[in-house]
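This report walks through one protein model. Start with the view below, then read on.

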Amino acid sequence: MSFKHKKKFGQNFLTDQREVLRKIMEVSNVQAEDTVLEIGPGEGALTALLLDTAKKVVTVEIDRDLEKILRKKFGKNPKYTLVMNDVLESDLREYVGQGTKVVANIPYYITSPIINKLIENREIIDEIYIMVQKEVAERICAKKGKERSVLTLAVEYYGEAEYLFTIPKEFFTPIPKVDSAFMSIKLYKDKRYENQIQEEVFFKYVKAAFANKRKNLLNNFSSLGYSKDELRVVLEKTGIAENERAENLSIDDFLNLISIFENK
């Protein structure tokens with residue numbers, strides 16, 4: 001049965017599969033007791049390996065044309081559940097419980113919404129292993145410098161991101177314009193940052209700091225209604241230069257800054 005890739009679902013399937021899939025299985029360290037959630041299983045190349053190891057595999061697929069292929073391949077396997085739906089519209093709690101591991105080659109055009117959706121489900125999801133565009137992985141995992149963005153801090157607030165390996169674009173069909181990367185996000189179970197500062201307060205300052213990437217902190221923070229003199233006092237207290245840019249601050253720098261702002 002031949003399958004035509006659909007641009008609207010951002011479908012690019014791995015062609016040189018064995019080596020990449022072996023690596024994915026190795027770094028995601030799927031164990032016999034794991035429940036795995038896979039988003040966008042395609043024709044099931046990764047699904048088959050996950051089923052060999054995991055206790056339970058739930059795949060979420062939006063493309064009706066893939067349903068027959070997936071049901072034919074895995075429908076008889078008691079460990080397998082196929083959810084035909086848009087992952088962003090799905091209530092994941094209906095299908096998986098606490099301690100779930102995500103292993104997936106996700107559709108790139110909705111990378112950020114998918115990551116947000118998985119983080120929102122952090123009560124049931126422990127670890128996320130996903131394939132994304134290389135530059136997105138570099139942005140999320142950047143510890144310093146111009147790659148850092150609101151997205152970087154949004155992930156750091158909830159978990160620890162790691163860039164695992166690169167997959168050249170030639171490994172896919174149809175060949176995309178960019179290389180891919182496999183990365184992980186291990187969500188904090190101790191809520192270390194959530195316990196220190198409320199989500200909305202944290203993001204208010206982070207978004208302000210990155211409002212204009214070309215401007216320094218002094219200029220960007222003035223959008224919060226502080227005078228430049230007030231801002232200079234706050235920055236001086238934390239030892240951060242007024243011409244510093246948001247991209248060079250660690251999450252701990254942000255926490256120090258925000259606590260001074262909030263206690264003013």
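## A buried threonine

Thr-35 is buried, at 15% relative accessible area. Buried means under 20% relative accessible area, exposed over 50% and partly exposed in between, with a 1.4 Å probe and protein chains only. Thr-35 sits in strand S2 (residues 35–39). Strands (E, at least two residues) and helices (H or I, at least four) are DSSP runs, numbered from the N terminus. Beyond neighbours within four places in sequence, Thr-35 is in contact with Lys-55, Lys-56, Val-96, Thr-100 and Lys-101. Contact means heavy atoms within 4.5 Å.

## About the model

The model is predicted: local features need pLDDT of at least 70, side-chain atom pairs count only at pLDDT 80 or more, and totals for chains, interfaces and linings use all residues. Residues are numbered from 1 along each chain as its sequence is written, and side-chain values use heavy atoms, with hydrogens and water left out.

## Nonpolar cores

In soluble globular proteins, nonpolar side chains tend to be buried together. A nonpolar core is a set of buried Ala, Val, Leu, Ile, Met, Phe, Trp, Tyr and Cys residues joined through side-chain atoms within 4.5 Å. The largest nonpolar core here has 63 residues. Those touching the most other members are Val-102, Leu-118, Ile-130, Met-183, Phe-202, Phe-221 and Phe-254. Helix H7 (residues 199–209) gives the largest share of this core, seven residues. Another core lies apart from it, with 26 residues, among them Ile-24, Leu-70, Met-84 and Phe-172.

Which residues of H7 are buried? They include Val-201, Phe-202, Phe-203 and Tyr-205. Val-206, Ala-208 and Ala-209 are buried too. The buried residues of H7 pack against H6, H8 and helix H10 (251–262).

## Aromatic pairs

The whole structure has 12 aromatic pairs. Rings of Phe, Tyr and Trp (its six-membered ring) pair if their centres lie within 6.5 Å; planes under 30 degrees apart count as stacked, over 60 as edge-to-face and the rest as tilted. Tyr-157 and Tyr-158 form an edge-to-face pair, 4.8 Å centre to centre with 85° between the planes. Tyr-157 counts as buried, at 2% relative accessibility. Tyr-158 is buried at 6%.

Tyr-157 also pairs with Phe-203: the ring centres are 5.6 Å apart and the planes lie at 70°, so this pair is edge-to-face. The pair links distant parts of the chain, with Tyr-157 in helix H6 (residues 150–158) and Phe-203 in helix H7, 46 residues apart. Both Tyr-157 and Phe-203 are buried. Tyr-157, Tyr-158, Phe-202 and Phe-203 form one aromatic cluster.

## The cavity

How many cavities of 30 Å³ or more does the structure hold? It holds one. A cavity is a set of points on a 1 Å grid over the protein atoms alone where a 1.4 Å probe fits but cannot get out; lining residues have an atom within 4 Å of a point. Grid points are joined across faces, edges and corners, and the volume is the space filled by probe spheres set on the points. The largest cavity holds about 40 Å³. Its lining includes Ala-209, Phe-210, Lys-215, Asn-220 and Arg-245.

The lining divides into three nonpolar, two polar and four charged residues. Ala, Val, Leu, Ile, Met, Phe, Trp, Tyr, Cys and Pro count as nonpolar, Asp, Glu, Lys and Arg as charged, and the others, Gly among them, as polar. Lys-215 lies in the loop between H7 and helix H8 (217–221). Lys-215 is partly exposed, at 40% relative accessible area. Leaving aside neighbours within four places in sequence, Lys-215 is in contact with Asn-220 and Arg-245.

Note on methods. On a 1 Å grid over the protein atoms alone, a cavity is a set of points where a 1.4 Å probe fits but cannot get out, and a pocket is an open set with protein on both sides within 12 Å along at least five of seven lines; lining residues have an atom within 4 Å of a point.
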